Amino acid sequence: MATILIAESDPRVLSVIRKGLVAQGFSVRVATEGRTAYTDARSGSFDLMVLAADLPGRRCFESVRRVRAEGRSLPVVMLTSRTDVAATAATLHAGADAYVGKPFRLEELLSQVRRRLAPPRSVDHPMLTFGDLRLDLKTRRAQIGDYVVDLSVRECALAEMFLRHPGEVLTRERIRRQVWGADNARSNVVDVYIRYLRGKLGPDWFVALR
């Protein structure tokens, strides 16, 4: 049974999340203040954290960055009332694995939780290539000639999808479903991560068609 830390200060939102997770068989612990949430996240006692971006007591983005800087891989699903490009980029750049916009449907949050807790799928082809680009799925390293760069989990999954479908036009909706397990037409997460990949690998590998 997975144990989930819910860091949320709104009693109504907290009650909905807690009841929903308990009903799915998860063990739940609650933190209503940022410093407590940060301490709990570092304890190693949890399998995932649902973190409200507006939690009082400590800046949540900074808490996630510090947890990541300490080498902790605790999955973080961020709850945020902002889903514009800048807010999305800040959320993901801080180290959160996913975000859910407020107000949200409980099933949407549960879907993200299940996805982050799912065991990693086996890799049948650990190395993918396209032209001069090589992608090692085990180490999440991309190489172009002598240039080598490390990719995040989501960056690697996105690059993998493109390399497995060379020359094929992939819609944002299809990418969101496969890489993030979400199909929200308002989400800009695909655009954000393609910018990340272009910044690391160059602008010519991923072409947008309108």
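**View 1. The lining of the second largest pocket, sorted by residue class, has 15 nonpolar, three polar and six charged residues.** The structure in this and the following views is a predicted model. The space in this second largest pocket comes to about 670 Å³. It is lined by 24 residues, and those closest to the centre of the pocket are Phe162, Phe206, Val207, Ala208 and Leu209. Three helices, H6 (153-164), H7 (172-180) and H8 (189-201), each contribute at least two residues to the lining of this pocket, and H8 gives the largest share of that lining, with five residues.

**View 2. The structure holds one cavity of 30 Å³ or more.** Rolling a probe the size of a water molecule over the atoms shows where empty space is left. In the largest cavity, that space amounts to about 50 Å³. The residues lining the largest cavity are Gly34, Ala37, Tyr38, Ala41, Met49, Leu51, Arg58, Cys60, Ser63, Val64 and Val67. Helix H2 (34-41), strand E3 (48-52) and helix H3 (60-69) are the elements that give two or more residues to this lining. Sorted by class, the lining of the largest cavity contains eight nonpolar residues, two polar residues and one charged residue.

**View 3. Helix H1 (residues 11-23) and helix H5 (residues 106-117) cross at roughly 55°, and their axes come within 11 Å.** Two packed helices are described by the angle between their axes and the distance between the axes. The crossing in which H1 passes H5 is right-handed. On the H1 side, Val16, Ile17, Gly20 and Leu21 take part in the contact, and they meet Leu106, Leu109, Leu110 and Val113 of H5. By class, this contact of H1 with H5 has seven nonpolar residues, one polar residue and no charged residues.

**View 4. Helices H5 and H7 pack with their axes 11 Å apart, at an angle of about 55°.** H5 and H7 are therefore oblique to each other. In this contact, Gln112, Arg115 and Arg116 of H5 meet Arg177, Gln178, Val179 and Trp180 of H7. When these residues of the contact of H5 with H7 are divided by class, two are nonpolar, two are polar and three are charged.

How values were computed:
Residues numbered from 1 in each chain as written. Predicted model: local features only at pLDDT ≥ 70, side-chain atom pairs only at ≥ 80, totals over all residues. Heavy atoms only, no water. 1 Å grid on protein atoms, 1.4 Å probe; cavity = no way out; pocket = protein on both sides within 12 Å on 5 of 7 lines; lining within 4 Å. Points joined across faces, edges and corners; volume = space filled by probe spheres on them. Helix = DSSP H or I, 4+ residues; strand = E, 2+ residues; numbered from the N terminus. Nonpolar A, V, L, I, M, F, W, Y, C, P; charged D, E, K, R; others polar. Axes fitted to C-alpha atoms, helices over the stretch in contact; angles between N-to-C directions. Left-handed = near helix turned anticlockwise from the far one by under 90°. Contact = heavy atoms within 4.5 Å. Parallel < 35°, antiparallel > 145°, perpendicular 65-115°, else oblique.
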